[in-house]
Amino acid sequence: MDIRKLRHIVTLGQERHFGLAADRLGLTQSALTRSIQATEAELGLRLFDRGRDGVYPTRAGEALLADAVPLLRQMEMLERNMALLSDRGAGEVRCGFGPLAAALALEVMLSCTARDHAALRVRTKLGDVAELQALLREGELDFAVLAHVLVEDRPDLSFRRIGQTRLGALVRRDHPLAGRTVGEEDIAGFPIIGGTGGGPVYQPTISCDNFEIAGSVTLASDAIWITAEALADDRYALVHGLPVAQPLELVVASLARRTLSIQALLLIDLIVAALRRRHA
């Protein structure tokens with residue numbers, strides 16, 4: 001059985017309809033039917049039951065699909081990595097960013113790419129840690145930049161530390177707590193705004209992963225914004241003494257079995273440089 005026939009079986013198993021599967025594969029329905037019948041004859045097994053309401057895998061078909069889907073995914077990864085390695089300046093990279101990582105490094109990475117690597121196609125996805133890790137495992141992303149404290153270590157993913165930021169509490173310059181050292185009792189009654197992935201670090205009263213909006217809300221109210229201190233400018237002041245003020249590691253997550261392309265490594269280098277510039 002070759003990879004082409006395996007792809008036919010997987011597509012039919014996903015679509016459960018000869019016509020839909022044939023359209024997706026760019027084949028005629030009769031050509032797909034002949035391919036499936038030839039594979040069944042080769043294996044001496046019936047892989048699909050045909051009915052008036054669709055096509056369903058037999059027990060043998062289900063067993064084959066369970067092994068075939070990850071195998072095809074690995075083949076697609078291999079083909080894609082080899083294609084990217086053939087040209088340093090072109091190709092496509094798909095990368096994910098958690099909200100904090102995006103606020104710290106995404107603009108710089110994309111600006112450098114647009115200026116210096118115009119032939120490189122970059123597809124970005126912003127999401128929470130669970131969503132981005134799922135996309136990595138499905139092969140939909142080459143890598144994702146995440147806050148390590150939120151990451152669930154898994155054997156199928158590898159993690160490379162690329163930088164560190166420091167969480168802090170920011171308020172507007174004329175806030176009653178601006179520049180003060182306070183305890184948790186002093187912030188009672190003040191809104192706390194932060195990302196949806198605060199996890200064990202803090203529990204916001206207002207959750208917002210859009211950092212531009214979170215910053216605007218902070219400047220327009222008495223809210224205390226839990227975010228990276230590196231995002232502060234002269235419009236904000238720090239509030240000292242809160243337990244949220246702590247270092248936070250940033251990591252690049254990727255599939256453990258995948259070798260990142262030259263283009264992906266180039267983008268990671270740009271992200272590392274952006275983080276260093278933020279904290280210089």
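Mentor: Start with a definition: rings of Phe, Tyr and Trp, the last by its six-membered ring, pair if their centres lie within 6.5 Å. By that rule, ring pairs link Phe211, Trp225 and Tyr236 into a cluster. Keep in mind that this is a predicted model.

Trainee: How many aromatic pairs does the structure hold?
Mentor: It holds two aromatic pairs. In one of them, Trp225 and Tyr236 sit 5.8 Å apart, centre to centre, with 55 degrees between the planes.

Trainee: Why give both a distance and an angle?
Mentor: Because a pair of aromatic rings is described by the distance of the centres and the angle of the planes.

Trainee: And what is the Trp225 and Tyr236 pair called, with that angle?
Mentor: The pair of Trp225 and Tyr236 is tilted. Planes under 30 degrees apart would count as stacked and over 60 as edge-to-face, so 55 degrees falls in the rest.

Trainee: Which parts of the chain does that pair tie together?
Mentor: Trp225 lies in strand 9 (residues 224-228) and Tyr236 in strand 10 (residues 236-239), so the pair ties together parts that are 11 residues apart in sequence.

Trainee: Are Trp225 and Tyr236 buried or exposed?
Mentor: Both Trp225 and Tyr236 are buried.

Trainee: New topic. How do strand 1 and strand 2 run?
Mentor: Strand 1 (residues 48-51) and strand 2 (residues 54-57) run antiparallel, and four bridges join them. They form a hairpin, with two residues between the strands.

Trainee: What stands opposite Asp49?
Mentor: Tyr56, in strand 2. Asp49 also forms a salt bridge with Arg46, where the closest N and O atoms are 3.4 Å apart.

Trainee: Where do Asp49 and Arg46 stand for accessibility?
Mentor: Asp49 is partly exposed, at 38% relative accessibility. Arg46 is partly exposed too, at 48%.

Trainee: How many salt bridges does the count come to?
Mentor: The count comes to 13 salt bridges. One of them joins the side chains of Glu92 and Arg123, at 3.7 Å from N to O.

Trainee: Where are Glu92 and Arg123 in the chain?
Mentor: Glu92 is in strand 3 (residues 92-97) and Arg123 in strand 4 (residues 121-126). The pair links distant parts of the chain, 31 residues apart. A network of salt bridges links Glu92, Arg121 and Arg123.

Trainee: Why does Glu92 count as partly exposed?
Mentor: Because its relative accessibility is 23%, and buried means under 20%. Arg123 is also partly exposed, at 42%.

Technical notes. Residues numbered from 1 in each chain as written. Predicted model: local features only at pLDDT ≥ 70, side-chain atom pairs only at ≥ 80, totals over all residues. Heavy atoms only, no water. Buried < 20%, exposed > 50% of the residue type's maximum accessible area, 1.4 Å probe, protein only. Pairing = 2+ DSSP bridges. Salt bridge = Lys/Arg side-chain N within 4 Å of Asp/Glu carboxyl O.
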